[in-house]
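Let's read this model together, one feature at a time. Have the sequence and the picture ready, and ask whatever comes to mind.

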Amino acid sequence: MPTVDDVLEQVGEFGWYQKRVFLTLCLTSAALAPIYLGIVFLGFSPPHHCRSPGVSELSQRCGWSPAEELNYTVPGLGAADEAFLRQCMQYEVDWNQSTLGCVDPLASLAVNRSHLPLVPCQHGWVYDTPGSSIVTEFNLVCANAWKVDLFQSCVNLGFFLGSLGIGYIADRFGRKLCLLATSLVMALSGVLTAVSPDYTSMLLFRLLQGMVSKGTWMSGYTLITECVGSGYRRTVAILYQVAFTVGLLGLSWLAYAIPHWRWLQLAVSLPTFFFLLYYWCVPESPRWLLSQKRDTEAIKIMNHIARKNGKSPPADLQILSLEEDDTEKRSPSFIDLFRTPNLRKHTCILMYIWFSCAVVYQGLVMHMGATSRNLYLDFFFSALVELPAALIILVTIDRAGRIYPLALSSLVAGAACLVMLFISQDQHWLNIVVACLGRMGITIVLQMICLVNAELYPTFIRSPFYSVNRVL
């Protein structure tokens, strides 16, 4: 009895039809980028200081330049270690009083301005930026700065909550149905996030988007790797993740072109509604159909692939079978990930690696956003190093295997993180180079894990493993 791989060898392991499906599904991988790392631009915190009533009127009367206004009215200006004073404190001064002069107005109140009482910002903040972010709109600075982290935590919490059911849905009801359902909810929640009237509703919609977005990515990844022959599976799996990098590169330029967070959020959310067109242009996984004993549908799809590739289907296609044992359990369960000693070992090791790598990867990206001097260029160049990471995998995987590249890349990433602790913030470019080196290493590890997962686990428990681990 021929297997799916046997048939694909005759009708095209990666023919024109699979190429079209692959390029189409790559859009779902690129769409995850602004959800996973969009916080760098959506939560950008520009230079800011307290808004003081009367200052603008006094500045206009005296003809101060913006630099003079800051010098005369903002505490801690010029002191590198007094950022908190500049951003979160203000002089307890009535700037509307007529006794204030235009040259060093505070000199009439105290010989040394450091003796003047300070109070936390009472009337909001002034932000030095031409655009907007959730920080500037909801004043997520100083005592409320933790709310920016909460915004990103809601995405990660959504990944976790979604993992509890998305993998089961993909294996119980099909990769295609899971892809369509999660794409619809992802698009709707993205738009609702952009039009949120307040911070609380924005968090709820962001949480919902996190719950389904990884499901969209995972369904697309599983679907395309199960529709190509074994000779192209590794290449397709790696290039699918390269599409995520392309999404990051595009995000940096889109954020530069659209500096207002609500319009940026709409710009990355509205196109995802087109993913609903996948109902007509993306097939269900024939391997999954066979695992569910829906052989007739699987044979129909294989016939369709052969016809689109300009090939004749084999004569024995009607007795198509799954390459895995027919006695294997067909109903997916998270327990299956730990059912045998080998599966337990593989699952625990890969979960640990995936968790640690996800923390390092996101930490390096956030570090770049927090310390960069040109946010857009630094983000772009740091994302660019992920492309040679994919090339390294493609070149070395058949020569060096999986273990040695994975171990060496982990070592490089870990060493880069340690070295960054001892680099002064004044050495900006050295910081960037070391961070990019660490990001390249950790990207290789993350891409390698996805590949190893597809090779170690049978079809019917592949999605649960992706769900459990991609959340980490």
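Q: What is the closest cysteine sulfur to the sulfur of Cys281, and how far away is it?

A: A disulfide is a pair of cysteine sulfur atoms within 2.5 Å. The sulfur of Cys281 is 12 Å from the closest cysteine sulfur, which belongs to Cys227, and that is too far for a bond. Keep in mind that this is a predicted model, where local features need pLDDT of at least 70, side-chain atom pairs count only at pLDDT 80 or more, and totals for chains, interfaces and linings use all residues. Residues are numbered from 1 along each chain as its sequence is written, and side-chain values use heavy atoms, with hydrogens and water left out.

Q: Is Cys281 buried, partly exposed or exposed?

A: Buried means under 20% relative accessible area, exposed means over 50%, and partly exposed is in between (1.4 Å probe, protein chains only). With 23%, Cys281 is partly exposed.

Q: And how far is Cys178 from the closest cysteine sulfur?

A: Its closest cysteine sulfur is in Cys227, 15 Å away, again too far for a bond. Cys178 is buried, with a relative accessible area of 2%.

Q: How many disulfides does a search of the whole structure find?

A: The search finds 3 disulfides. If you number the bonded cysteines of the protein chain in sequence order, they pair as 1-5, 2-4, 3-6.

Q: Which parts does the disulfide of Cys50 and Cys121 tie together?

A: First, the bond itself: the sulfur atoms of Cys50 and Cys121 are 1.7 Å apart. Cys50 lies in strand 1 (residues 48-50) and Cys121 in the loop between strand 3 (118-120) and strand 4 (125-127), so the pair links parts that are 71 residues apart in sequence. Helices (H or I, at least four residues) and strands (E, at least two) are DSSP runs, numbered from the N terminus. Both cysteines are buried: Cys50 has 7% relative accessibility, and Cys121 has 15%.

Q: What is the torsion about the S-S bond of Cys62 and Cys102?

A: The torsion is about -75°, so this disulfide is left-handed. Cys62 lies in helix 4 (residues 55-62) and Cys102 in the loop between strand 2 (89-91) and strand 3, so parts 40 residues apart in sequence are tied together. Cys62 is buried at 18%, while Cys102 is partly exposed at 30%.

Q: Where do Cys88 and Cys142 lie?

A: A disulfide joins Cys88 to Cys142, with an S to S distance of 2.0 Å. Cys88 lies in helix 6 (residues 83-88) and Cys142 in the loop between helix 7 (134-138) and helix 8 (146-163), so this pair connects parts 54 residues apart in sequence.

Q: At what angle do helix 11 and helix 12 pack?

A: Two packed helices are described by the angle between their axes and the distance between the axes. Axes are lines fitted to C-alpha atoms, for helices over the stretch in contact, and angles run from 0 to 180 degrees between N-to-C directions. Here helix 11 (residues 199-225) and helix 12 (residues 230-257) pack at about 155°, with their axes 9 Å apart. That makes helix 11 roughly antiparallel to helix 12 (angles over 145 degrees count as roughly antiparallel, under 35 as roughly parallel, 65 to 115 as roughly perpendicular and the rest as oblique).

Q: Which residues of helix 11 meet helix 12?

A: Contact means heavy atoms within 4.5 Å. Thr216, Trp217, Gly220, Tyr221, Ile224 and Thr225 in helix 11 meet residues of helix 12 including Arg233 and Tyr240.
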